[in-house]
Amino acid sequence: MPLSRTDLLKPATEFPGTIRGYDAHIYFGDTPESKASAESLRNKIIETFGNDLAESKETNAKLPRGIRVHNPVPYPIGPHPIPMFECDFESPQVFAKLVPWLQLHHGSHSV
C-alpha cells in the first residue's frame with residue numbers, strides 16, 4: 001500500500017530502517033583548474049552549512065551533528081577512481097538542505 005499523500009509530504013525526522021546517515025562525494029580532476037574549482041566549492045559548502053570537523057569538541061557536544069566536510073583526497077582511494085572530497089551527515093533535515101544545494105551548485109563536478 002503506498003504512503004498517503006499526508007504521510008508522503010510530512011518532513012522527515014529520521015531516516016528509514018537501518019539508514020543512519022549519508023555522505024556526498026564531490027569528484028574533481030587532476031588539473032589545477034579542477035582542483036581550484038573543487039576547493040572553491042568546498043569553501044562555499046563550509047560557508048553555507050558550517051563544518052563540524054572544524055568546531056570545537058565542546059561546541060559539538062552541545063549541538064546535534066550537522067555536516068562534516070573532509071579535506072580533499074587528491075588521488076584515487078578505495079572505490080573512488082578520481083580525487084574527491086566528502087561531506088557526511090546524519091540528519092534528514094540536513095539531507096533536505098544539502099543535496100538540493102549541491103545539485104544547484106556542483107558546477108563541473110560529479111557528486
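A: A residue is called buried if its relative accessible area is under 20% and exposed if it is over 50%, with partly exposed for whatever falls in between. Keep in mind that this is a predicted model.

Another links Arg68 and Asp88, whose closest N and O atoms are 2.8 Å apart. Here the partners come from two strands, Arg68 from S2 and Asp88 from S3, so the bridge ties together parts that are 20 residues apart in sequence. Arg68 is partly exposed, because its relative accessible area is 28%, while Asp88, at 8%, is buried. Then there's the Asp7 and Lys10 pair, with an N to O distance of 3.2 Å. Asp7 is partly exposed at 38%, and Lys10 is exposed at 52%. As a general point, side chains of opposite charge can pair when their charged atoms come close.

Setting aside neighbours within four places in sequence, Cys87 has Arg68 among its contacts, along with Tyr22, Asp23, Ala24, Ile26, Ile45, Ile67, Val69 and Leu98. Cys87 is also one of the residues that touch the most other members of the largest nonpolar core, a group of 15 residues; Ile26, Ile45, Ile67, Phe85, Leu98 and Leu102 are the others. Strands S1, S2 and S3 and helices H2 and H4 each give two or more residues to this core, with H4 supplying the largest share, four residues. In soluble globular proteins, nonpolar side chains tend to be buried together.

Asp23, also on the contact list of Cys87, has a polar contact of its own: its side chain meets that of His25 at 2.6 Å. His25 lies in strand S1 and is buried, because its relative accessible area is 14%. Beyond four places in sequence, His25 is in contact with His80, Met84, Phe85, Glu86, Ser110 and Val111. Phe85 brings us back to the core, as one of the residues touching the most other members there.

Note on methods
Residues are numbered from 1 along each chain as its sequence is written. This is a predicted model: local features need pLDDT of at least 70, side-chain atom pairs count only at pLDDT 80 or more; totals for chains, interfaces and linings use all residues. Side-chain values use heavy atoms; hydrogens and water are left out. A nonpolar core is a set of buried Ala, Val, Leu, Ile, Met, Phe, Trp, Tyr and Cys residues joined through side-chain atoms within 4.5 Å. Buried means under 20% relative accessible area, exposed over 50%, partly exposed in between (1.4 Å probe, protein chains only). Contact means heavy atoms within 4.5 Å. A polar contact is a pair of N or O atoms within 3.5 Å; within protein, one must be able to donate a hydrogen and the other to accept it, and residues adjacent in sequence count only if both atoms are side-chain atoms. A salt bridge is a side-chain nitrogen of Lys or Arg within 4 Å of a carboxyl oxygen of Asp or Glu.
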